[in-house]
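Biologist: Hello, I am new to this one. Could you show it to me and let me ask a few things?

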Amino acid sequence: MADYDLAIIGGGLNGVSLARDAVGRGLRVILVEQGDLGSAASSASSRLVHGDLASLERRRVLRVRAALAERDVWLRIAPHLVRPIRFAIPAHAEERPTWQLRTGLWLYDRLAARKRLPAATTLDVTHHPIGDALKRPIGTAFAYSDCVVDDSRLVVLTALDAAERGAAIRTGARCVRADRDRIWRLAIIHRGHRRIVTSRALANATGAWSVSTAETVLRQPPPRVVARQISQIVVPRLFDVDAVYVFQNHDGRLIFAQPYERDFTLIGTVAHEIKGEPALVAMPAPDVAYLCRAANRYFRSDIQPVDVVRTVSGANMMLRAAGGERLETVVSLEASRTQAPLLTMCGGDVTTARRRAASC
Ligand SMILES: Cc1cc2nc3c(=O)[nH]c(=O)nc-3n(C[C@H](O)[C@H](O)[C@H](O)COP(=O)(O)OP(=O)(O)OC[C@H]3O[C@@H](n4cnc5c(N)ncnc54)[C@H](O)[C@@H]3O)c2cc1C
């Protein structure tokens, strides 16, 4: 008999969510994380728990509705981690027309099944604290509700919950080889010692390492995914209100500026496909300059790359779907009568991680 029903490689948000869900269903679970919990992409996120307003422009209405439903679940089960905050989109004469923003926000509010949060409104920012940090002649902004989360704490507390329900959570434990037969046999280097564990099923939840894990550790066909680096900058605090600003940039991209660690502002994001070791992702200088320019279109304070205190970058995976489309969530289950099941789960957003794990 195998030691466990499910072995999970990777202690990011996907891995720990899977562990919590599986142990809650009565499975015997072990999770191995080579570093610390949430030390990769899951602690580099923009910390938004949201329906992703921009997805409405891409007509992904069902996706937005599902994410907004999950936002409600987080507010109910983790109000100590996920908190509502007002978002403000300053109207800019050269960007989306106001009717489009109004319509989008009206729909966004309607798609939220429970009306837990204040609805969208139009603000005259010349007489509102949200306008204090903004350049003139910006006179109007659209305010709506979404949430922010402390992403690393979410990972750690999800893992803690899984552990309290009986899952074995091992940090500093690198899976170096997994042999597949009717059960999986994993070789793990845990704090300098080599250990073998067996499991009826295996989950590859190694995020941006999913391909290298499949190729070199599991020796299985890799998932057809592309790695994407997402980056943000941290600058000294640019505004005093507890709100997230959403700026429309020339290229149509929405740029977020939000309060960060009390004295700072986090501005992001820029994304690129990458190749190579995900642990080494670093933000290129042109991307830093791009985010400074985007913020300078709206904020009174002028920020330059020298003002950047640090950059925050992470890498995650997207599915290369037929027709060249890129899907953000990668979940695949491969099973046969003679071979133990292999689940691959990577990418996706923080907001829907709980639901993604439950759907496996
Ligand atoms: C910069 C950025 C901003 C984002 N912003 C948002 C946002 O605002 N809102 C939102 O909803 N989503 C956001 N996302 C998406 C979300 O944060 C990520 O998709 C999610 O956290 C990915 O989690 P993961 O568990 O798949 O990967 P990771 O967190 O990268 O975890 C993978 C883990 O596997 C471990 N590992 C690898 N190989 C091995 C091995 N052989 N043995 C043991 N362990 C191994 C690694 O050490 C790592 O800890 C953002 C993503 C990024 C990168």
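Modeller: Happy to, and please keep in mind that this is a predicted model.

Biologist: Thanks! How many residues of H1 are buried?

Modeller: Helix H1 covers residues 13-24, which gives it 12 residues. Buried here means under 20% relative accessible area. Residues that pass this test include Leu13, Val16, Leu18 and Asp21. H1 is largely enclosed by the rest of the structure, because the number of its residues that are buried is 10 of the 12.

Biologist: What distance does H1 reach from its first C-alpha to its last?

Modeller: At 1.5 Å a residue, a span of 16 Å is expected for H1. The helix comes close to that, with a reach of 16 Å.

Biologist: Let me move to a loop. Is Ser46 buried or exposed?

Modeller: Ser46 sits in the loop between strand E2 (29-33) and strand E3 (48-49). Leaving aside residues up to four places away in sequence, Ser46 touches Gln232, Gln258, Leu266 and Thr269. Its relative accessibility is 18%, and the cut-off is under 20%, so Ser46 counts as buried.

Biologist: And His80, is that residue buried or exposed?

Modeller: His80 also belongs to a loop, the one between helix H3 (61-77) and strand E4 (82-90). Its contacts, not counting residues up to four places away in sequence, are Arg153 and Leu157. With a relative accessibility of 53%, His80 counts as exposed.

Biologist: How far apart in space are His80 and Ala214?

Modeller: In sequence, 134 residues separate His80 and Ala214. Going from C-alpha to C-alpha, the distance in space is 36 Å.

Biologist: Now the whole chain. What radius of gyration does the chain have?

Modeller: The C-alpha trace spans about 70 × 45 × 40 Å along its principal axes. For 360 residues, a compact globule would have a radius of gyration near 21 Å. The chain agrees with that, at 21 Å.

Biologist: What share of the residues in the chain is buried?

Modeller: The chain holds eight helices and 18 strands. Among contacts with a separation of 6 or more, 69% join residues 24 or more positions apart. Of the 360 residues, the buried share is 54%.

Biologist: Last one: how far apart are the mean positions of the positive and negative charges?

Modeller: The chain carries 50 positive and 36 negative charges. Their mean positions are separated by 5 Å.

Notes
Residues are numbered from 1 along each chain as its sequence is written. This is a predicted model: local features need pLDDT of at least 70, side-chain atom pairs count only at pLDDT 80 or more; totals for chains, interfaces and linings use all residues. Side-chain values use heavy atoms; hydrogens and water are left out. Helices (H or I, at least four residues) and strands (E, at least two) are DSSP runs, numbered from the N terminus. The radius of gyration is taken over C-alpha atoms; the globule rule is 2.2 Å times the number of residues to the power 0.38. Buried means under 20% relative accessible area, exposed over 50%, partly exposed in between (1.4 Å probe, protein chains only). Contact means heavy atoms within 4.5 Å. Lys and Arg count as positive and Asp and Glu as negative; His and the chain ends are not counted. The place of a charge is taken as NZ of Lys, CZ of Arg, CG of Asp or CD of Glu. The expected span of a helix is 1.5 Å times one less than its number of residues.
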